[in-house]
Amino acid sequence: MNVLALDASAVSASVCVMEDGHILGDSFVNIKQTHSQTLMVMVQSLLETTGVSLSDIDLFGVSAGPGSFTGVRIGVACVKGMAMAQGKPCAGVSTLAAMAENLRDSDGIVCAVMDARCQQVYNALFRVKQGVITRLSDDRPIAIASLAEECKGFSEPIYLVGDGAALCSRAEGFSALPQVRLVSEALRYQRASGVASCAMAMAQQGKTVSAGELSPIYLRLPQAERELKRKQNLERK
């Protein structure tokens, strides 16, 4: 199975081409250009480099959220367009689950965190043991202090990954936990290779969708909509 996977859920962007679990090519950038400028250019370049055409792709995977509302929408839109043109299935992957793939060889707890502002993160917890990843929580928005309190219950190493990892490591609750490890930058951020691995697993479980059915995963409303609801509630009082 040939998989083309994209991630544009945060500042970084990445693209991966995978064949039967083997990475043929993996491209990653962490710059402040918008994903609308970089993502499809990266796709085209990687396909040319690997000698794989869009018609060779059997499955399209994408980080469908949580993450940046704009970035997630761009990634999903790119995959929907390519998959629809080819008539191929899609896999909308949890960004947090894709991060856990980076630590598949490190036994312990993977605490995947993305900065959600206002001292909150998007988070999911996973246990990794002998190469097997087990999800311990749903994807969720949670206060950093509450997450640190929850992590006190684990005795094994806790690996912080994601763009909220450094933020959490500096927080009072986490800095007091001796089992917490801030993962190096090489493994910290979500990558399309992790998305590809998750997409393949979803395909094996029959959890793919059509291009028309693929949609972003938002754990909360965008800030503009939250502000509008707040103002509407105040006006009703």
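A residue is counted as buried when its relative accessible area is under 20%. In this predicted model, the buried residues of helix H8 (residues 192–204) are Ala192, Ser193, Gly194, Val195, Ala196, Cys198, Ala199, Met200 and Met202. The cover over these buried residues includes strand E1 (2–7), strand E2 (13–19), strand E3 (22–29), strand E4 (59–65), strand E5 (90–94) and helix H3 (95–100). The length of H8 agrees with expectation, because its 13 residues, at 1.5 Å a residue, should span 18 Å and its end C-alpha atoms are 18 Å apart. H8 is followed by Gly206, whose phi is positive, near 70°.

Ala199, a residue of helix H8, illustrates this setting. Its relative accessible area is 0%, so Ala199 is buried. Leaving aside neighbours within four places in sequence, Ala199 is in contact with Val3, Leu59, Gly61, Ala91 and Val93. The C-alpha atoms of Ala199 and Val93 are separated by 6.5 Å, although the two residues are 106 residues apart along the chain.

A further contact involves two helices. Two packed helices are described by the angle between their axes and the distance between the axes. Helix H1 (residues 35–50) packs with helix H2 (residues 69–86) at an angle of about 35°, and their axes are 10 Å apart. The crossing of H1 past H2 is right-handed. On the H1 side, His35, Ser36, Leu39, Met40 and Val43 take part, and these residues meet Gly71, Ile74, Gly75, Cys78 and Met82 of H2. By class, this contact has six nonpolar and four polar residues, with no charged residues.

Phe69 lies in helix H2, whereas Tyr218 lies in the loop between H8 and helix H9 (223–236), so the pair ties together parts that are 149 residues apart in sequence. The two partners can also be described by their accessibility. Phe69 has a relative accessible area of 18% and is therefore buried. Tyr218, with a relative accessible area of 34%, is partly exposed.

Key:
Residues numbered from 1 in each chain as written. Predicted model: local features only at pLDDT ≥ 70, side-chain atom pairs only at ≥ 80, totals over all residues. Heavy atoms only, no water. Axes fitted to C-alpha atoms, helices over the stretch in contact; angles between N-to-C directions. Helix = DSSP H or I, 4+ residues; strand = E, 2+ residues; numbered from the N terminus. Left-handed = near helix turned anticlockwise from the far one by under 90°. Contact = heavy atoms within 4.5 Å. Nonpolar A, V, L, I, M, F, W, Y, C, P; charged D, E, K, R; others polar. Expected span 1.5 Å × (residues − 1). Buried < 20%, exposed > 50% of the residue type's maximum accessible area, 1.4 Å probe, protein only.
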